[in-house]
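Good morning, and thank you for the time.

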Amino acid sequence: MGANDDDKKTEGQLLSEKLCFDIKNCWDAASEEDLKEIESFAKKYRVFLDRGKTEREFVRAALELLKEKGFKDLDILLQEKGSLKPGARVYQNIKGKSLVFAVIGSKPFTEGLNIVGAHVDSPRIDLKTNPLYEDSELALLDTHYYGGIKHYQWLTIPLAMHGTVVGKDGVKREICIGEDEDDPVFCITDLLPHLAREQMQKKASDFIDGEGLDILAGSRPYKDPKAKDKVKLKLLSLLHEKYGILEEDFAGAEFEFVPAHKARDLGFDRSMIGGYGHDDRCCAFAALHGTLNTADIPEKTVVCLLTDKEEIGSMGNTGAQSRLFENFVAYLGAKTLDSYSEISLRQCLGKSAMLSADVNSAFDPNYDSVYDKKTSSYFGKGIVLSKATGRGGKFGGSEANAEFCQKVQGILNRNKVQWQFGALGKVDKGGGGTIALDVANLGVEVLDCGIPVLSMHSPFEVISKIDLYTTYKGYVAFLREA
């Protein structure tokens, strides 16, 4: 731009630049060095996403990384004398399904924490407690879906089984079938078009009901003419031979079926990533690495909260509605203060700030009737700030106050992190929530802040690489300055 270009602009043009919020496309400003970093970060994420298709697997992969970076088990440290000094790195593994970790800052505990929180569970197909049965000499698995899904999207796609089972011998076994190239896969069958005239007249919501999502698991009978349910028996014999599983072990086991495909670059320009579980592991990955890349000794203690069960309401002892986060903060106080009390815990929470790191629905021109273009988030325009969540009158959601919104916006602006507005569709068209509500109930300032996603809750979601990287940079800035 020439030195006198501003002289050529009209009064209205100059006023527009001053007053209007111009949401740019992040790709336009990316340097060659930026592009290399974006691609490197995206590649690490794809690998991590494939390793962590369930909440247990994501937590295991994250723990490996934390231990490499010198984080210590807080549960062990609580049994030892001594306090946590500034720069100490600690984690707590919550039943293998949720994870909280922190880097102790130089400011006192009662000055509060800077927190980024995400969830690591995703919609999927679970097995019922007595799933295996035989019908017409086919072995099938009875299921119950987990989280909000469109049933028909899960038909005729390759599925992998991921699970944890504890046998009568007390031994815990981790099972994964369908991810290696030589593994068998599973599927839910669909009706051929030639016989589907009646089916095709149904609404999408009635196309196949939840009880119809049974998984095809085998067809080969056990060789014994006197045995009953020989195909089922054959499968049980194979499971027992390889994993020591008895049929009764299914009663307490956790078996999850997820898409068997790997995350892939998407588009001619490779600008996007398609895969299963972006919601909310893309934000969890950015939060994980954002926390790891804070200062060796931050001013305020920084915390990353990765929870389970968000897709079904954050219930249970590994969900955000439990006491797991409050307990973790209390443990930090007990190990950093000379004289810890309930009052010091409440002081800490009241002065803490958090970004609820969860995805938002990106504007999709194929379905523009349900979006408000003025408040939608868009691919390539950076991290999404969502002041309010919920549905139908903001019910069941969380809303950040004006002061905290401006604080976060200021941090992002100072650090040249591109951000955009975000709301989940038009009023009364639907809605949703995050873990923000649960942490805000403790007195913490919380703002929803994450990555725009296309085809959310489907077996193959899509995100933009530059939004992933911009969100990571935003989390780093927030943890450093909030």
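Let us begin with a pairing: β3 and strand β13, residues 301–307, pair in the antiparallel sense over five bridges. In that pair, A102 stands opposite V303 of β13. Strands here are DSSP runs of E, at least two residues, and helices are runs of H or I, at least four residues, both numbered from the N terminus; two strands pair if DSSP finds at least two bridges between them.

This is a predicted model, in which local features need pLDDT of at least 70 and side-chain atom pairs count only at pLDDT 80 or more, while totals for chains, interfaces and linings use all residues. Residues are numbered from 1 along each chain as its sequence is written, and side-chain values use heavy atoms, with hydrogens and water left out.

β3 is also joined to strand β2, residues 89–94, by six bridges, and these two run antiparallel. Y91 stands opposite F101 there. Three residues lie between the strands of this hairpin, where K95 takes a positive phi near 55°.

How many of the six residues of β3 are buried? Six of six, across residues 98–103; buried means under 20% relative accessible area, with a 1.4 Å probe and protein chains only. S98, V100 and A102 point one way, and L99, F101 and V103 the other.

L99, F101 and L306 are among the residues touching the most other members of the largest nonpolar core, which has 65 residues. Such a core is a set of buried Ala, Val, Leu, Ile, Met, Phe, Trp, Tyr and Cys residues joined through side-chain atoms within 4.5 Å. Helix α13, residues 465–481, gives its largest share, nine residues.

Notes: Buried < 20%, exposed > 50% of the residue type's maximum accessible area, 1.4 Å probe, protein only.
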